[in-house]
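Hi everyone, thanks for coming. Let me put a structure up on the screen, and then we can walk through it together.

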Amino acid sequence: MIKIGDIVDVKIEKIVYEGYGLARIDNFVIFVDNAVPLDLLKVEIKKVNKKFANAKIIEIINPSPHRIKPECHLFNACGACNLQFVNYDFLLKCKKQIVEEALSIKVNDVIASPKIFNYRCKSQYPVTETKNSKRVIAGYYKPKSHEIVNIKYCMAQDSVVDEIIQYIRDNWSFGCYVEKKHSGLLRHIVVKKSSSTNEILVVLVLNSDNKVDLVDFFENLTKKFPDIKGCLINYNSEKTNKILGSKTETILGQNFYTEILDNKTYKIGAESFFQVNPACAVNIFNEVKKAVKPNSTVLDCYGGVGAIGVWLSDIAKKVTLIEINEDAVNFAHENFKNNNVKNYEIILGDAKEKLNGLYDYAIIDPPRKGADFSFLQKLSSITNNIIYVSCNPLTLARDIKVLKDFNFEVKYVQPIDMFPFTYHIENVCILEKKS
């Protein structure tokens, strides 16, 4: 019987969702951090329960041919790109296996990200300060902790984002948030950058409900970085892991940046959702478009700023978008108009409450937790074709089972790699009601 503290030799079979390597001893599952399929490892058992154990590598006895040296020098400290030690092409095969095992069906080969570094258009750094010198610390959390790694160079984002955050570190003098005390002003730095126009928004999230005068600070920031088109403050004084509070104020410039993908132009707000890997977003939008027959009526649930709706407008008979966030709806109106789209309708409200009429296709792009049963039940009554864009294969699997009970079947699933060197994987799942 395996117990905590045991040191054993294991061979890694595969990578599973959340990025662990899986090995077995006498058919008992052991999950190993930082492991690659075909690694032969000496590991120490750290945790044991009835069904599996967790282990830490002590020695790599014989490395997998798919193991590589991580490019980032902060890899061991930072919890972001947690699979940088796996060859990228092989990792795509691992992600395909993860999806197939979650869904219990065969899926298409994963579409690779056009860029594996410098791909992010949004960065969100939690902020704190050192105890004595009050030096600003900004970066990502260490794995499984709330300890912030001070990241001065991140390979996932444009170097100008690193420079902007470093300027804030060097010039911020108003105090930073200390989570344990729930005190201090600056909680997060959010930077959003267009991949096409280079326009930048900077949002500082403050632990305050009261207005803070940062006009001079922002003016100096924009002089240093003229591509910054808007500087905003978001107020969040709640004890929460949620980054943004409910109130955002534009201090300098505009509250949006412009992104151009192929021939489509989008205004994207400081609080608007948009895929963080724009080049990969094109792959997703094209996969959705490929599944829609010309001259069809399309319902775009969770429609956001109209990203997918605008993309489909030149082949659809009509696009109807539902979105609960009023700011996103305002940007969606502008995006349809700016792209000369006439065949659209936008409905403000919760998609669960606004499903009416009949549509040839319904597109859903829910959050990581997936869709509600009642929503799927209602959705199944107003369309024969559902295009499900998922960021979590586990909740996708659950929701497919629900839709099968409403007589839908999966035609195919197309995985798309949005987040290189992580375990995350997007999927475009095409479902059709049985005749």
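Let's begin at one pair of strands. Strand 20 and strand 21, the latter covering residues 426-433, run antiparallel and are joined by 8 bridges. If you want a spot to look for, find Ile 416, which stands opposite Glu 426 in strand 21. Before I go on, please keep in mind that this is a predicted model.

Now let's step back from that pair. Which sheet do these strands sit in? They are part of an open sheet of 7 strands, in the order 17-16-15-18-19-21-20, and its pairing is mixed. At the edges you find strand 17 (344-348) and strand 20 (408-416), each pairing on one side only. On average, neighbouring strands here are turned by 15° against each other, if we ignore direction.

This sheet also has a helix packed on it. Helix 6, residues 326-338, touches strand 16 (318-323) and strand 17. The direction of helix 6 makes about 170° with that of strand 17.

For strand 1, follow the 5 bridges that join it to strand 5 (residues 40-48); the two run antiparallel.

Next, a pair of helices. How do we describe such a pair? Two packed helices are described by the angle between their axes and the distance between the axes. For helix 2 (residues 159-171) and helix 3 (residues 215-224), the angle is about 140° and the axes are 11 Å apart. That angle makes helix 2 oblique to helix 3. Their crossing is right-handed.

Who makes the contact? From helix 2 we have Ile 164, Tyr 167, Ile 168 and Asn 171, and from helix 3 Phe 217, Asn 220, Leu 221 and Lys 224. Sorted by class, that gives 5 nonpolar, 2 polar and 1 charged residues.

Finally, let's zoom out to the whole protein chain. How many helices and strands are there? The chain has 8 helices and 21 strands. Its radius of gyration is 23 Å, close to the 22 Å that the globule rule gives for 435 residues, so the chain is as compact as a globular protein of that length. Along the principal axes, the C-alpha atoms fill a box of roughly 65 × 65 × 35 Å.

Conventions. Residues are numbered from 1 along each chain as its sequence is written. This is a predicted model: local features need pLDDT of at least 70, side-chain atom pairs count only at pLDDT 80 or more; totals for chains, interfaces and linings use all residues. Side-chain values use heavy atoms; hydrogens and water are left out. Two strands pair if DSSP finds at least two bridges between them. Helices (H or I, at least four residues) and strands (E, at least two) are DSSP runs, numbered from the N terminus. Axes are lines fitted to C-alpha atoms, for helices over the stretch in contact, and angles run from 0 to 180 degrees between N-to-C directions. Contact means heavy atoms within 4.5 Å. Angles under 35 degrees count as roughly parallel, over 145 as roughly antiparallel, 65 to 115 as roughly perpendicular and the rest as oblique. A crossing is left-handed if the near helix is turned anticlockwise from the far one by less than a right angle, and right-handed if clockwise. Ala, Val, Leu, Ile, Met, Phe, Trp, Tyr, Cys and Pro count as nonpolar, Asp, Glu, Lys and Arg as charged, and the others, Gly among them, as polar. The radius of gyration is taken over C-alpha atoms; the globule rule is 2.2 Å times the number of residues to the power 0.38.
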